[in-house]
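User: I'd like to learn how to read packing and aromatic pairs in a structure. Could you walk me through it?

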Amino acid sequence: MTHQKYEYIERIDSPQDLKRLRPEELPAVCKELRCFLVEQLANNPGHIGSSLGTVELATAIHYVYDSPRDKIIWDVGHQAYAHKILTGRRDLFHTNRCLNGLSGFPRRSESEHDAFGGGHSSVSISAAYGIAKANELLGIRSKVVAVIGDGAMSGGLAFEGLNNAGASDTDLLVILNDNHMSISPNVGALKEYLLNISTSKHYNNFKNKVWKGLEKMPRLRRMIQKTGNALKLSFLQHSNLFESFNFRYFGPVDGNDIKAMVRVLNDLKEIPGPKLLHVLTVKGKGYAPAEQNQSVWHAPGKFDPDTGELIHSTADLPLKYQEVFGNTLLELARMDKRVVGITPAMPLGCSLDIMMREMPERCFDVGIAEGHAVTFSAGLATQGLVPFCNIYSSFMQRAYDNAIHDVAIQGLPVVICLDRAGLVGEDGATHHGALDLAYFRCVPNLIIAAPMNETELRNMMYTALYAGKPFVIRYPRGRGVGSNTSGPFETLVPGRGRLLRDGKDLAVITIGTAGNAAAKAIERAEVAGVSIAHVDLRYAKPLDEELLHRIGKKFRRIVTVEDGAVMGGVGSAVLEFFSDHGYDCRVERLGIGDRFVEHGTQAQLYKQCGYDEEGIYGVLVADRIGETDSDTINKPKEENPVTTPVSVKAKFEKSSGSGMSGSEISHTDPAVEK
């Protein structure tokens, strides 16, 4: 599958270079693009299946349209790799999704050919209509094309865009890339509708014959076109969803036939107004392993390009947190018939598929519709069920109002499980779960938990099942630390943290898995002569006020660590608590600063943000060794945007007892201390 030299694509540095080729040379270009993608992504993993399926589509679009003057919006962006290669990024493609390299998604700051960013799904039609309307108002003559696929049409925002754009006569082309897949197979009524449209040869042949027959009666044809759906239904004996939105519908056509795509796009380019082209593509097209197992090959990791064999580590690795979620949910469902699972199109990504295989009737994939997933869960909860609604942290932002209005205000026992919380790695700014602690902490009625390891994730899910209140559990992407994932469950009382170790010089307060890096840094600092207490809060809300009172009375210097935004996060909550209660202590908050973090490995990004083991260690020993010792401190403070020292002056008369012993700090409940 690999080539040492590419005759065509090595000469294509822009869409203008592509346009110089003859139409009969385009199949060879597409073949080379596929080989190049397989060769590159075998060693530098990315989203391969979707982009293999859109090779002909991207090539045809850039052959017919004039980017960057014409605007091309890709939705979702992981289907746009061929677009990137054809628009001058071929020689940088080996840096795709790497630190300081190309983004895995279209980015306006990366190329003038990326008209709109596309990390989250279903945004293209709304954005494209906005661009087209702006061009109309500004008198700019250019075409606008939205390519929506990989299940993105199932998102509600796509229909909001269709509804609005269809009410105008603004020139806009929507290309529906229909491969019957998102990451997992598409679900829902729209999937069945598209399947019926694409497979109904009788309907399509009849429609084409009638429409072609009306060519000899242009006045009648124009009248039908203007009159709209009622006459179309009468003449063609079939309704069309997209024409109901006042979009002229064309298709379906074979999106993997480059000659047909060029011909159709040239025709559509001359037709004004809102129109939709329905193209059928195969996810993973041209690479047999990717065609045969489309879900796995959405983003398979490293593989042998010649055999398609996936390359996995042979080491005995801990489970991924998503796997712990999936296994635990099945355990709980076996224990309690009230348990149901919900996901917005991510059953494999969040491991809900584990429960789906045994109890499909109690699992619901609602499509790419996060808001609906939360409100649907709320409806289930009103009837006595306990829904575990699993949504990636960054995607949960799209359902914020649903969580407030439909869950929190009504106090419904929905368990919102936020997978991929914190820095997720190579997917970058659009996918980091940086904001959930901050945006949920201000919502009344919520319990917010974050496990430090796999055992705590299991026990927090068990606790949530019987809490009878809205419950949020956040956990990161990746593998755990190898803690126990079997045995009896334990209730972790909401609002109760634990003292992991005592100390005299300062206290470190952590939440979630960031506590593991902090624990290692603390051990090293102890060797350097700094005595440190370590508190694992477990809950961002409610806070363990008893434990914080004891810490505030004893320590003048406190460091907080979290895998989330420091503005409004748990460090802010601790800072507010000490200020409100008049404790005179210096609080330094480590986490994600006031910026969008780009892509790279998780380890690279933790280091960049200053809360990996080295960064935490540097802060802990700074007072002991002097802040100018660059050999020991990870970064100078002025270059570290996430270390925020704050002095909290007493508002009230400070309580006495700063010399309390470690035993006085500990909670009296031994079960909580395990």
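User: Which residues does Ile175 touch, leaving aside those up to four places away in sequence?

Analyst: In soluble globular proteins, nonpolar side chains tend to be buried together. In this predicted model, Ile175 touches Leu57, Ile61, Val145, Ala146, Val147, Ile148, Leu265, Leu277 and Val279, not counting residues up to four places away in sequence.

User: How many residues does the largest nonpolar core have?

Analyst: That core has 53 residues, and Ile61, Ile175, Leu265 and Leu277 have the most contacts inside it. Helix α2 (residues 26-43) gives the most to this core, with 10 residues. There is also a second, separate core of 52 residues, which includes Met346, Leu380, Val443 and Leu547.

User: Now the rings, please. How many aromatic pairs does the structure hold?

Analyst: A pair of aromatic rings is described by the distance of the centres and the angle of the planes. The structure holds 20 aromatic pairs. One of them joins Tyr81 and Phe93, edge-to-face, at 5.3 Å centre to centre and with 75° between the planes. Tyr81 lies in helix α5 (residues 81-89) and Phe93 in the loop between α5 and α6 (124-138), so the pair ties together parts that are 12 residues apart in sequence. Both Tyr81 and Phe93 are buried.

User: Why is the pair of Tyr392 and Phe395 stacked?

Analyst: Look at the angle: stacked means planes under 30 degrees apart. The planes of Tyr392 and Phe395 are at 15°, with the ring centres 5.4 Å apart, so this pair is stacked. Tyr392 is buried, with a relative accessible area of 10%, and Phe395 counts as buried at 12%.

How values were computed: Residues numbered from 1 in each chain as written. Predicted model: local features only at pLDDT ≥ 70, side-chain atom pairs only at ≥ 80, totals over all residues. Heavy atoms only, no water. Core = buried A, V, L, I, M, F, W, Y, C linked by side-chain atoms within 4.5 Å. Buried < 20%, exposed > 50% of the residue type's maximum accessible area, 1.4 Å probe, protein only. Helix = DSSP H or I, 4+ residues; strand = E, 2+ residues; numbered from the N terminus. Contact = heavy atoms within 4.5 Å. Phe/Tyr/Trp six-rings, centres within 6.5 Å; stacked < 30°, edge-to-face > 60°.
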